[in-house]
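Please look at the sequence together with the model shown below, and keep both at hand while reading the paragraphs that follow.

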Amino acid sequence: MSIQQVAKSAAVAPSTVSRYLNGTLVLKGETKERVDAALESTGYVHRPRAKRTPPKRSPIVGIIVPELTNPYFAVLAEELIAAADQQSLSTVIFSATNLPGNERQYVELAQRLSLNGLLYLGTTFRNDALDEAIRANFPLVVVDEPQDSELETNTVFQDDYSGAFQAVSYLVGQGHRDIGFIAGSNMRTTQDRLRAYVDVLRQNGIDPDQQFRGTGSFTEEYGATVLAQIMASERRPTAVFVASDIIAVGLIVSASSMRIRIPSDLSVVGYDDIPAAHHLTPPLTTVRSPLPEMARAAVDLLVEAMKHPGMQPRHVVVPVGMVIRDSATAMSHVTA
């Protein structure tokens, strides 16, 4: 027998019988009597459907990045999303558009939204909202840029000092003695790269205070501007260590319009190995930032923090290495 036959016998709609049997409809009076009689006369046996267990929601974690127009942060964000997906985590991206206030607000918003954790990439020295999140045992990992915090938290960084040390040592090994240093804003990572630059020069008997040094913004426009400053400087360097590829891209692209030959007139070594680095003319010699490795380490650490709230903070430093291309040459090949 079927519900349709019971309904026909009771002179009601099949949905009425179905809802009555499933307990979602209360029948009274004559209608109830007719349905009960029809069930008895037809011999219909109701077999309740097994209740469907609602799908388990995957944990949702936030990713705060300074901006997405800079290819470095865009690629790192993509790597973090991919690593989170491998751990069955859903992600929400917050772009702070280079505004410190947004970085603070998004840390607070991640908690108000009851996200399960946070991967934080900031460019400011300090974010008080992070301290509040740490005190609340909110699972988070600070990635890429150290923070001046009262409290210790989980961190994943690349070895900035080692990368810069390798880059400047390479230029010294190529015979250069006048080596400039160019960077964007004065972040902790920039300070580590500058410290390595100074150490290498001093170890090789070169006075770092006598070298060209430029600090601006992490943009191609600044790279073009600083190239003009380099060429106009009283003690013009034969090589520069550019502590950010995005600046190096602007420098190399503008060199052709200024009739400056890279590397014959100026050797250039960058840092990050962004996608554009190997498409330049000449391709950029640079330090490769291990973004996939950093992303996996950060997500693994966040998952651990989500499973064990209040755990002792862990710190991961990911090693780096150089990618040798054509933008730097030995002094013997430099045109006088």
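In strand 5, Val 156 is the residue that stands opposite Val 143. The two strands involved, strand 4 and strand 5 (residues 154-158), run parallel and are joined by three bridges; strands are said to pair if DSSP finds at least two bridges between them. Helices (H or I, at least four residues) and strands (E, at least two) are DSSP runs, numbered from the N terminus. This is a predicted model, in which local features need pLDDT of at least 70 and side-chain atom pairs count only at pLDDT 80 or more, while totals for chains, interfaces and linings use all residues. Residues are numbered from 1 along each chain as its sequence is written, and side-chain values use heavy atoms, with hydrogens and water left out.

Strand 4 (residues 140-143) is covered on both faces, with Leu 140 and Val 142 buried on one side and Val 141 and Val 143 buried on the other, where buried means under 20% relative accessible area with a 1.4 Å probe, protein chains only. Strand 4 also pairs with strand 3 (residues 117-120), in the parallel sense and over three bridges, and Leu 140 is the bridge partner of Leu 118 there. Together with helix 6, strand 3 and strand 4 form a right-handed β-α-β unit; right-handed means that, with the strands pointing away from the viewer, the path from the first strand over the helix to the second runs clockwise.

Helix 6 (residues 128-135) in turn meets helix 5 (residues 100-112), their axes coming within 8 Å and crossing at roughly 25°, the axes being lines fitted to C-alpha atoms over the stretch in contact and angles running from 0 to 180 degrees between N-to-C directions. Helix 5 is therefore roughly parallel to helix 6, a term that covers angles under 35 degrees. The contact (heavy atoms within 4.5 Å) involves Arg 104, Val 107, Glu 108 and Gln 111 of helix 5, and Ala 129, Leu 130 and Ala 133 of helix 6.

Elsewhere, six strands make an open sheet with mixed pairing, in the order 7-6-8-9-10-12. Strand 7 (213-215) and strand 12 (321-323) stand at the edges, and because each has a single partner strand, one side of each is left without a neighbour in the sheet. Within this sheet, strand 6 (residues 179-183) and strand 8 (residues 239-242) run parallel and are joined by four bridges, and Gly 180 stands opposite Val 240 in strand 8. Helix 9 (residues 220-232) packs on the sheet, touching strand 6, strand 7 and strand 8, and its direction makes about 150° with that of strand 6.

Key. Parallel < 35°, antiparallel > 145°, perpendicular 65-115°, else oblique. Buried < 20%, exposed > 50% of the residue type's maximum accessible area, 1.4 Å probe, protein only.
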